[in-house]
Amino acid sequence: SRNIRLAVIPGDGIGAEVVTEGLKVLEAVVGTKVETTTYDLGAKRYHETGETLPDPVLDELRGYDAILLGAVGDPSVPPGVLERDLLLKLRFQFDHYVNLRPVKLFPGVETPLGGARPEDIDMIVVREGTEGLYAGTGGVMRRGTSHEIATQESLNTAHGVERVVRYAFEKALGRPRRKLTLVHKTNVLTYAGDLWARVFDRVGLEYPDVETDYCHVDAASMFFVSQPERFDVIVTDNLFGDIITDIGAAIAGGIGLAASGNINPDRTAPSMFEPVHGSAPDIAGQGKADPTATILSVAMLLDHLGLAQEAARVEQAVADDLVERLTGWAGRTTHEIGDDITARVTG
Ligand code: NAD
Ligand code: IPM
Ligand code: MN
């Protein structure tokens, strides 16, 4: 079979540090079958040239099998510039309408939830990735005055909601519990919530074997902490999904372990894999970042490319490493964790 062509965007802050370790594991598991090309996009490029994601680069990226991204965002760049014009532009242009975020407690990992067992925290959040409040429409009037008015609109289309809801039902069907929960805020967001609820109910008729449930996002946030076992697969809009997956990361052992895939299920453009966390400027350049989230994102990437066995090997190597952490391996650097997981993949 032909080589995997992978575009790599290390990005800002700890992005490059964690991506180095992710690639180390990837190369160990697939050998020379992966060809990587690195793209220097992020704060440095922005300061030097004013560019975030030039069109020729976007076109070139379209030709890869997948993209691995570290993180973007830097305190020296106004908020939103890199996030919107680089990261969100990729998600939107490549139609990553499924943002897949597993929330899974591995055995041996410490959780702030007393008494929670791995079987209690084992869910997958299907976050919509191309619409909602992230659409970026709205505007400002009388900026800088005491009469300033800022609006930010949530865009929800029947097509956009249906495709992600359908994906989530399929996902639920493939899991033992076959339960899907819609998380929204239908009691307040009456237009968008109504659309989501109607689409959810209608598509659900086609999946009689999937148990369905509904939860307002505020209550869902509480249940993540008090009764995480309620959830199997969750489908939700872009912003709610962003917020609850950081809560999910916290309950499943921390943001350093949370992986994600920005998936284009129709395969009309490459999917993009990245840790849930950001560029962590507070610890950048110190070798303190945990690369595990990126390594688990590499496992998702392998799975997406049809390399299920290789994906399982990476996940098992991480699981074994996580068990060992209980017994006092806490002080390892980013490189050391990457090396140890690489050794388990090859060994
Ligand atoms: P963050 O995720 O970067 O950091 C939050 C906290 O978690 C920090 O204390 C950080 O040190 C810690 N942390 C994050 N990743 C870690 C890791 N791998 N190992 C150990 N500790 C880790 O979120 P933030 O501080 O809100 O945002 C910083 C910047 O990153 C902002 O510019 C933001 O826009 C951007 N951001 C980017 C992405 C992305 O590229 N996908 C995601 C979130 C935030
Ligand atoms: C994430 C991040 C991004 C998001 C930001 C950086 C645009 O928080 O990947 O979770 O909000 O989706
Ligand atoms: Mn986020």
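The shell around ligand 1 in this predicted model divides into 11 nonpolar, 5 polar and 4 charged residues, where Ala, Val, Leu, Ile, Met, Phe, Trp, Tyr, Cys and Pro count as nonpolar, Asp, Glu, Lys and Arg as charged, and the others, Gly among them, as polar. Residues are numbered from 1 along each chain as its sequence is written, while chains are lettered from A and ligands numbered from 1 in the order in which they are written. Because the model is predicted, local features need pLDDT of at least 70 and side-chain atom pairs count only at pLDDT 80 or more, whereas totals for chains, interfaces and linings use all residues.

**Confidence**
- The mean pLDDT of the protein is 97, with 99% of its residues at 70 or more; pLDDT is the predictor's confidence in each residue, from 0 to 100.
- For the complex, the predictor gives an ipTM of 0.98 and a pTM of 0.97.

**Ligand surroundings**
- Among the 20 residues around ligand 1, those that come nearest are Gly-73, Gly-256, His-277, Gly-278 and Asp-290, a residue being near a molecule if its C-beta atom, placed from the backbone, lies within 6 Å of it.
- Ligand 2 is surrounded by Gly-73, Glu-83, Leu-87, Leu-88, Asp-242, Val-276 and Gly-278, a shell of 3 nonpolar, 2 polar and 2 charged residues.
- Helix α4 provides the largest share of the shell around ligand 2, namely 3 residues; helices (H or I, at least four residues) and strands (E, at least two) are DSSP runs, numbered from the N terminus.

**Sheet and helix**
- An open sheet with mixed pairing is formed by 10 strands in the order β2-β1-β3-β12-β11-β4-β5-β10-β8-β9, two strands being paired if DSSP finds at least two bridges between them.
- Strands β2 (34-38) and β9 (211-216) stand at the edges, each with a single partner strand, so one side of each has no neighbour in the sheet.
- Strand β8 (residues 179-184) pairs with strand β10 (residues 233-236) in the parallel sense over 4 bridges, and Val-183 stands opposite Thr-236 in β10.
- Helix α8 (residues 238-251) lies across β4 (98-104), β5 (122-128), β8 and β10, running at about 155° to β5; axes are lines fitted to C-alpha atoms, for helices over the stretch in contact, and angles run from 0 to 180 degrees between N-to-C directions.

**Domains**
- The protein is divided into domain 1 (1-100 + 257-347) and domain 2 (111-125 + 132-252), with bounds that come from an automatic or database domain assignment.
- The contact takes 10 residues from domain 1 and 12 residues from domain 2, two residues being in contact if their C-beta atoms, placed from the backbone, lie within 7 Å.
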